[in-house]
Amino acid sequence: ISEEVISIFISNQTYSFGAAHFISYTESINIFTEDCSDLNIVQLFNTSNDGYDEILESAMQNQLCAVLTTEECESFLKFAEPFPTLEELTECCSAVAISQYGIFIQFWEYEVSSFSEGSELILLPWYYIADIIEKNGKYSNVLKSYSERTYLNSIFEPEWSF
């Protein structure tokens with residue numbers, strides 16, 4: 001999606017004999033093009049910030065509950081107690097990718113919802129998580145470049161500053 005990073009989601013399905021339904025899962029590949037290394041999504045953030053996990057959790061929950069009432073959201077999120085951290089999401093089951101617009105998270109179908117609700121795909125726009133971005137990290141040039149692409153801004157991906 002950009003010259004700096006290549007992020008790919010690969011969707012798979014498997015069905016075991018006798019199972020009630022198939023199991024689907026998504027894998028992600030994130031390549032930092034500067035040195036062709038695997039991009040570690042967690043390194044985009046200042047994990048020493050005390051509120052780091054809470055800010056990401058709140059942003060994820062806001063995206064998941066965007067079209068739900070408060071009661072529906074509370075019921076929906078009970079499925080994911082405790083709510084997974086970004087580190088947990090990158091280690092198992094879910095897929096996480098970076099784009100010029102923000103962080104995409106493709107949850108596994110049972111990670112935050114039931115099979116009938118499907119696997120949730122959300123975008124965390126940089127605007128909402130800019131306060132916890134690592135300003136001096138390995139990927140700071142990429143994030144700075146993304147913040148300067150104001151022609152991409154919309155009401156859904158507001159302008160943000162690095």
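Helix α1 buries Tyr-52, Leu-56, Ala-59, Met-60 and Leu-64. These residues span an arc of only 135 degrees around the axis, so they sit on the same side of α1. The arc is taken from the directions that run from the helix axis to the C-beta atoms. Glu-54 and Asn-62 are exposed on the other side of α1. Buried means under 20% relative accessible area and exposed over 50%, with partly exposed in between (1.4 Å probe, protein chains only).

This is a predicted model, in which local features need pLDDT of at least 70, side-chain atom pairs count only at pLDDT 80 or more, and totals for chains, interfaces and linings use all residues. Residues are numbered from 1 along each chain as its sequence is written, and side-chain values use heavy atoms, leaving out hydrogens and water.

Helix α1 covers residues 52–64. Its 13 residues reach 19 Å from first C-alpha to last, close to the 18 Å expected at 1.5 Å a residue. That expected span is 1.5 Å times one less than the number of residues. Helices (H or I, at least four residues) and strands (E, at least two) are DSSP runs, numbered from the N terminus.

Now the strands. Three of them form an open sheet in the order β1-β2-β3, with antiparallel pairing. Its edge strands, β1 (5–14) and β3 (37–38), each pair on one side only. Two strands pair if DSSP finds at least two bridges between them. β1 and β2 (residues 23–32) are joined by 10 bridges in the antiparallel sense. Here Asn-12 stands opposite Tyr-25 of β2.

Another antiparallel pair is β5 (residues 102–106) with β6, over five bridges. Ile-103 has Leu-124 in β6 as its bridge partner. Strand β6 (residues 121–125) is largely enclosed by the rest of the structure, because four of its five residues are buried.

Further along, Ser-145 lies in helix α5 (residues 140–147). Ser-145 is buried, with a relative accessible area of 17%. Between Ser-145 and Glu-109 there are 33 Å in space, C-alpha to C-alpha, and 36 residues in sequence.

One cavity of 30 Å³ or more turns up in a search of the whole structure. On a 1 Å grid over the protein atoms alone, a cavity is a set of points where a 1.4 Å probe fits but cannot get out; lining residues have an atom within 4 Å of a point. The largest cavity holds about 60 Å³, and its lining includes Tyr-101, Tyr-146, Arg-149 and Trp-160.

Notes:
1 Å grid on protein atoms, 1.4 Å probe; cavity = no way out; pocket = protein on both sides within 12 Å on 5 of 7 lines; lining within 4 Å. Points joined across faces, edges and corners; volume = space filled by probe spheres on them.
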